[in-house]
Amino acid sequence: MRKKFIAGNWKMYTTLAGAKSLALGVAQGVTDDAVTVAVCPPTCWLVPVAEVLKGSHVGVGAQNVHYAAEGAYTGDLSPAMILESGCQYAIIGHSERRHGLAEPDLFLNRKVKAATAAGLTAIFCVGELLAEREAKQTEAVLEFQLAAGLAGLEAGALGKLVVAYEPVWAIGTGKVATPEQAQETHGFIRKTFGKLFGAEAASKLVIQYGGSVKPDNAAEIMKQPDVDGALVGGASLKADSFVKIVQAAR
Ligand code: PEP
């Protein structure tokens with residue numbers, strides 16, 4: 001039985017005071033470990049948010065990570081730096097980086113390998129553009145993103161991997177995949193993962209759905225057998241709506 005996992009992606013929002021108070025509100029609303037919960041604040045607030053969340057039932061994730069251990073990489077952070085900032089998770093390949101900043105698959109693959117080897121759990125995002133869905137390319141796109149992004153990942157790293165299916169047309173748009181679309185696509189991702197890493201690993205893989213998840217649609221989506229939680233953007237910026245999504249996952 002896979003445990004549901006809800007992660008909040010705060011993107012480039014919040015002040016320091018706002019981030020601390022949002023983290024506190026989430027910690028107060030999540031009172032046990034029935035669901036795995038994490039928040040991913042802007043990088044500059046990782047340390048203070050991790051401080052607030054110490055001893056709570058809420059983990060911390062970074063929104064990005066570099067693959068190198070150290071070096072001349074202006075503006076980037078290594079997996080060890082992210083870990084030492086108090087994180088357990090790192091989002092990799094979010095569409096706002098994959099498409100918005102043209103991060104290539106090879107780059108994402110290196111990040112997944114480096115992050116998991118360092119002990120972070122990688123939340124690896126995949127998802128198709130609207131034009132690709134309309135052209136019935138969804139499965140081909142996902143198959144490619146999974147094969148390229150996870151190439152060469154060692155069996156020992158699979159326990160440190162979460163896949164987030166985020167149809168790009170549903171992120172921040174208010175358009176949400178229907179529960180049937182989500183189930184069909186998550187089932188395909190699990191089957192594809194099984195071809196890459198075997199049936200047992202596929203049965204354990206946590207696959208989050210992301211794309212305009214809100215308190216009023218979360219339960220219906222997460223009821224689907226292959227939907228194991230959610231990666232939440234907009235609705236994670238208010239403690240009460242994020243906590244309601246966590247409650248919907250129970
Ligand atoms: C996201 O940022 O990963 C996301 C899914 O955003 P939203 O929930 O706002 O669509």
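Contact is taken here as heavy atoms within 4.5 Å. The model is predicted, so that local features need pLDDT of at least 70 and side-chain atom pairs count only at pLDDT 80 or more, whereas totals for chains, interfaces and linings use all residues. Residues are numbered from 1 along each chain as its sequence is written, and side-chain values use heavy atoms, with hydrogens and water left out.

Ser78 touches Val65, His66, Ala68 and Ala69, residues up to four places away in sequence not being counted. Ser78 is placed in the loop between strand E3 (58-62) and helix H3 (79-84); helices (H or I, at least four residues) and strands (E, at least two) are DSSP runs numbered from the N terminus. With a relative accessible area of 5%, Ser78 is buried (under 20%; exposed is over 50% and partly exposed in between, for a 1.4 Å probe and protein chains only).

A nonpolar core is a set of buried Ala, Val, Leu, Ile, Met, Phe, Trp, Tyr and Cys residues joined through side-chain atoms within 4.5 Å. The largest has 65 residues, of which Ile6, Phe124, Leu161 and Tyr209 touch the most other members. Helix H1 (residues 16-29) supplies the largest share of this core, 5 residues. Beyond its neighbours within four places in sequence, Leu161 is in contact with Val112, Thr121, Ala122, Phe124, Leu150, Leu153, Phe193 and Leu205.

Phe193 is itself buried, at 1% relative accessibility. Phe193 and Phe197 lie 4 residues apart in helix H8 (residues 179-197), about one helical turn.
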